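Please open the model in the viewer and follow the stops below in order.

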Amino acid sequence: MAKRITRIVLTGGPAAGKTTLISRILKEFKQDDGWKVITIPETATELISGFGIRPFGNCVSMLDFQYFVIADQLHKERLALRGAQMVPEENVLIIYDRALFDDKAYITDEQFREILAHFGKTEQEVLAGYDAVLHLVSCAKGAEFAYNFGNEARYEPLETAREKDDLTLRAWKDHPNLKVIDNAVDFEDKLRRGIRAIYDCLGLTAPQEVWHKYLIAMPDLQALEKTYAASAIDMMQTYLVGTQPNVVRRIRQQKNGQEYLYFYTEKRYTDEGAWETEKPITQKEYVQYLMEADTTLHAVHKTKYRFCIDGRRFEIDVYPFSESRAIMRAELPAEASAPQMPQGIEIVREVTGDPMYKNSHLAREQKL
């Protein structure tokens with residue numbers, strides 16, 4: 001099988017959900033399923049927060065700043081493509097958190113073309129280097145209550161955020177595979193549409209999205225592995241002490257093939273409902289966050305067994321504190337009320353939406 005490398009840009013105005021969508025992509029396209037996801041972090045944020053190079057505060061002009069951004073972006077894109085060609089996985093996703101044409105929203109069209117020419121590039125060449133562009137509309141347009149739950153280094157006033165969102169969409173308008181993902185419903189729906197758009201870019205059918213949760217008798221785990229080729233994923237979720245009212249913070253360690261992924265999540269409860277944002281973090285950051293663990297709660301450790309039957313996905317969570325019961329999540333069509341049970345699975349009852357079986361409750365009670 002020939003290696004397939006797909007390059008997807010996530011763009012949009014400030015506080016659009018790009019970082020959280022990257023976390024979902026890392027969870028969706030797993031190494032155990034034959035995927036390698038390479039992410040290129042937002043260059044401007046790295047220069048501002050890491051190097052102290054910023055286009056304000058008498059540091060550098062906006063035009064000079066874009067030379068820094070584009071030079072660094074081109075370098076990282078070359079490295080990512082080379083890495084994608086070297087990794088053993090046949091299916092590789094390169095995800096760009098913003099990319100070169102985002103810079104066009106901050107300078108004139110002529111200035112942008114001049115900078116590209118300085119690096120020996122044309123607009124057509126650059127656009128051809130991306131297979132798809134997903135424009136996530138800023139929360140400043142339709143979800144104002146959530147602005148800004150995200151990037152402090154790139155904070156901009158609400159009206160400026162709306163303007164930058166429009167300018168960014170204009171900058172990418174000539175890409176032949178541009179998809180716009182707005183705030184029409186809620187944030188979870190926005191993320192689901194983002195994942196579906198990526199499946200569309202890959203020419204694959206997105207999995208069903210309606211999940212039901214069941215309390216089940218402990219299955220024969222060896223039989224699951226043998227019969228359904230169930231893959232076991234080790235996971236640990238730790239709740240952190242609160243720093244703001246109505247905000248729940250947690251971190252997660254998740255096995256991914258021979259490696260581990262780490263995530264930091266904030267869930268905010270507002271008058272408009274819950275709003276969850278998430279970002280990948282490094283192992284070092286994960287260890288640092290562990291120092292902030294809420295010692296009144298247990299870390300939720302589980303082994304997740306994932307498998308498919310006739311294209312339908314199942315997940316069974318096994319917890320060290322329960323020898324007789326486990327939790328199963330089954331993916332169902334929207335019109336279906338019950339799944340066709342895998343062989344050897346005994347349902348105790350459906351617990352979809354039951355707060356007693358959420359991780360936050362299990363962190364307190366440690367029982368099923």
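Select Asn246 to begin: with a relative accessibility of 54%, this residue counts as exposed, where exposed means over 50% relative accessible area, buried under 20% and partly exposed in between (1.4 Å probe, protein chains only). Asn246 sits in the loop that joins strand S7 (231-239) to strand S8 (247-256); helices (H or I, at least four residues) and strands (E, at least two) are DSSP runs, numbered from the N terminus. Its phi is positive, about 65°, although Asn246 is not a glycine. Most residues other than glycine have a negative phi.

This is a predicted model, in which local features need pLDDT of at least 70 and side-chain atom pairs count only at pLDDT 80 or more, whereas totals for chains, interfaces and linings use all residues. Residues are numbered from 1 along each chain as its sequence is written, and side-chain values use heavy atoms, with hydrogens and water left out.

Select Gln366 next, in the segment after helix H10 (359-365). Gln366 also is not a glycine and has a positive phi, of about 55°. Its relative accessible area of 23% makes Gln366 partly exposed.

After H8 comes Ala229, with a positive phi near 55°.

Finally, select Glu272, in the loop between strand S9 (259-270) and strand S10 (273-281). Glu272 is exposed, at 55% relative accessibility.
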